[in-house]
Amino acid sequence: MAIRVQPDALKADFFTIINMEEPAQNTSEDQQRYNPAEIEPKWQARWDADPSLYAAEGHDSAKPKFYCIEMLPYPSGQLHMGHVRNYAIGDALARFMWMRGANVLHPMGWDSFGLPAENAALKNNTPPAEWTLANIVAMRRQMRRMGLSYDWSTEVTTCLPEYYRWNQWFFLKMFNAGLAYRKKSKVNWCPQCQTVLANEQVVDGKCWRHDDTLVEQRDLTQWFLRITKYADELLNGLDRMDGWPEKVRTMQRNWIGRSEGALVDFPVAASQQTTEKITVFTTRIDTIFGATSVQLAPEHPLAKSFADSNPVLASQIDEMLAQQKAAREAGDLGAIEKRGVDTGRFAINPFNGELMPIWVANYILADYGTGAIMSVPAHDERDFDFAAKYGLPVRRVIVPNKVTDDSQQLPYLAEGDSSLADSGQWTGESCAEAQQKMAAFAKKNGFGAATVTYRLKDWGVSRQRYWGTPIPMVYCTNGHAGTGPESPRVEPGGVVPLPESALPVLLPPQVEITQQGGSPLGRVADFVNTTCPVCGGPARRETDTMDTFVDSSWYFYRYTDAKNSAAPFDSAKANYWFPIDQYIGGVEHAILHLIYSRFWTKVMRDLGMIHNDEPAARLFTQGMVIKDGAKMSKSKGNVVSPDLMIERYGADATRMYALFAAPPDRDLEWQEDGVAGISRFLARVYRLFQNHEQALKCVQQDDPARMTGSGKLAAIALRRKTHQTIQKITDELAGRWHFNTAIASLMIFVNDLYSAEGEVASTQSSPEVFKDSLRVLPLLLAPFAPFLSAELWEQLGGQGAVFRAAWPVADPELAREAEIEIPVQVNGKLANVVTVPSGSDEATIQTAAQADAKVVARIAAKTIVKVIVVPGKLVNIVVR
């Protein structure tokens, strides 16, 4: 088999890179046979026997630190190739950084609370803990078999009390700081999960776990974390996070959704005195004189109040709610056909006293803003369409400072270079000035004020599930409201935080899970019934559990001190390792996990536990693995088990394929033939070493400069290629992470070694130079194929683990080509390409360019105006 790689290897199709021609061999086939089923278990057994192999040094290490982690998985039972790709990326980087002398922390853990365990308990009559822990054992075995370089002494399992007690500890800290609170509100409810969802867990109106289940709205009393306190900091921090993909930062900016504007109260007109009012948030208070109606969401409390005495209106509102539901099911609320109904009631514009009809409209959402808008048809597209449909007045109050044909059309949306018209005392003001002055006027007169709103809402963390962290709060039967010895405050109405000494609040081991009738914990009397920590009277425990995103919001801090029983972690250790140098995971976590973990980091900073503002300096979001046209996932039934691939081709080939088949930030189309091709490549590397096993152990250093003739040229060329390959792979691993082109460079290098093997056999080249080049190969291969690299390193007589050996360093002089090609342009158009010695000065390059026959023909009978020489790049001859 010969492996042929194009100079720009990634432009070549994978299957043209690998074909099946074999060079002649010098030893028996049995001796040369690459057998990963023998090599890989041998090395894994050795690595397992050395628990310090992948351990990081302490936080007093003099080495530069490198904290590299992949997002921890949910232990669903089996890894698939989508997981392997994620973990192979982090593993290659960790091994590379070890070889470059860094103090590397590369841990792994388990995001092990969650709904699938309860579903499995229902389906298989297996307790969630038993199902989860058995899956962890199975997945840990798979990870070890893949040769992943995790320090298992730092392993974190979030469903164990030694971890979730600190979730409870953080909750108490947040409660005492006013960041955790309880209120009745409209919440997202998944009928299939039978639990509440945070806003971030609703995708296109459907449950994030069940994309075929429409989320309902319910009024429930829930616990919330006040993430909105950090809204501005979460938003502004994104501008400084250059190591995060712009796509992720944009998604977070949009989710936080900061809007500057004003709140304005529109009193409801009535025949008798009333205090009812409609509060509207608007970013364009300057257009308020153009408002011709006020519109309510179908679920707005006032709409329901009007409907109580108007059966026809009630029926129409129900119809609009059904329309919103249908639009959510279709996944596009923005495309809903706009419909509305006049309530027959009026609101008063507080700026001019004008009566405006109150409508209920299906495109107004209860959970956006205040659930009510002032409709300004002349200056808003949606309002314009609605007014046109229902014949509502359109009143222009913003005009351009410079009139054009386009500016006469409505709706007119511009703010810049525009002024107010027909707007009372603010007529003639610029839009920006009027917005400030009108907001101040509203505040002075008691019917509004300037404000900032956010799309981001406080994080609802209550879940009506069993398999999660118990919330460490109790409800005193006596309605106690006092202060306990360890608690600065107690919520009114008998809501009492537990003292830290009472932690952890343990999940009862035996619970009947029905997914009906609220939280399963509410049916366990021994869990529910307790005593008030303040007065000693009877009390009832909180039976909701925490959102599992709490678990994953801070787990990477626990990795730095995983066995600490006195605190979540030692601050000195965390401050050494943080921020994370490289965090790796899917872009689907951009809004959920990644925004929650940023919030948690800021809370811990304000508690004095850490110094950093952000959890990770660099974030990498890998592409998906695609099979049968869809993302590889258990729910889609299209997973490929790495166990099967390892059985057929070995772990090295399996993980190396995941790195080679596509750039890591792009989707990878699964093809098993590609794994087979990588296996053949590794077999070829193995045979190359077997051909020279004895000679490699007695290499004498040689200098090509002492050689003569064609042998000298061949030796210099091979040494040059060796250093070029070192530089190429170093650049790819240290820079843009194109593992695929790095591996392609290895393939080219192996081709060159096979070619040089023939030259050595015919005594045309130096065997010592050949062997020097061959000895570099296991080092370059180590990040991608650790098992085979270890085997070859041992054959070479290398000391210690190959990935603890020093990474080879390219010599720029040895890597430099003897000759280079320079494009020559005439008046900016390519005329020809000339070859000159590497390092030639401008005069030499210019002379070669002007002596070329094709260039001479192009400039004949013309005057040369100037010659531009960019050394090593191009020549441009300007003529006339």
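I will start with the whole protein and then go to the strand.

Please keep in mind that this is a predicted model. The protein has 880 residues, and 55% of them count as buried. Its secondary structure comes to 28 helices and 34 strands. The accessible surface is about 37,500 Å², and carbon and sulfur atoms make up 50% of that. If you take the contacts with a separation of 6 or more, 71% are between residues 24 or more positions apart.

Now to the strand, E26, which covers residues 582–585. Which way do its residues point? Gln582 and Ile584 point one way, while Tyr583 and Gly585 point the other way. In a regular strand, side chains alternate between the two faces of the sheet. Back in E26, all four of these residues, Gln582, Tyr583, Ile584 and Gly585, are buried.

Next, the neighbours. Which strands does E26 pair with? One is E1, residues 65–70, and that pairing is parallel, with three bridges. Within it, Cys68 has Gln582 of E26 as its bridge partner. Another is E27, residues 619–621, which also runs parallel to E26 and is joined to it by three bridges. There, Phe620 in E27 stands opposite Ile584.

To recap the strand: E26 is bridged to E1 and to E27, and its residues 582–585 are buried. That is what I have.

Terms used: Residues are numbered from 1 along each chain as its sequence is written. This is a predicted model: local features need pLDDT of at least 70, side-chain atom pairs count only at pLDDT 80 or more; totals for chains, interfaces and linings use all residues. Side-chain values use heavy atoms; hydrogens and water are left out. Buried means under 20% relative accessible area, exposed over 50%, partly exposed in between (1.4 Å probe, protein chains only). Helices (H or I, at least four residues) and strands (E, at least two) are DSSP runs, numbered from the N terminus. Two strands pair if DSSP finds at least two bridges between them. Contact means heavy atoms within 4.5 Å. Accessible areas come from the Shrake-Rupley method with a 1.4 Å probe; for residues, only the protein chains shown count as cover.
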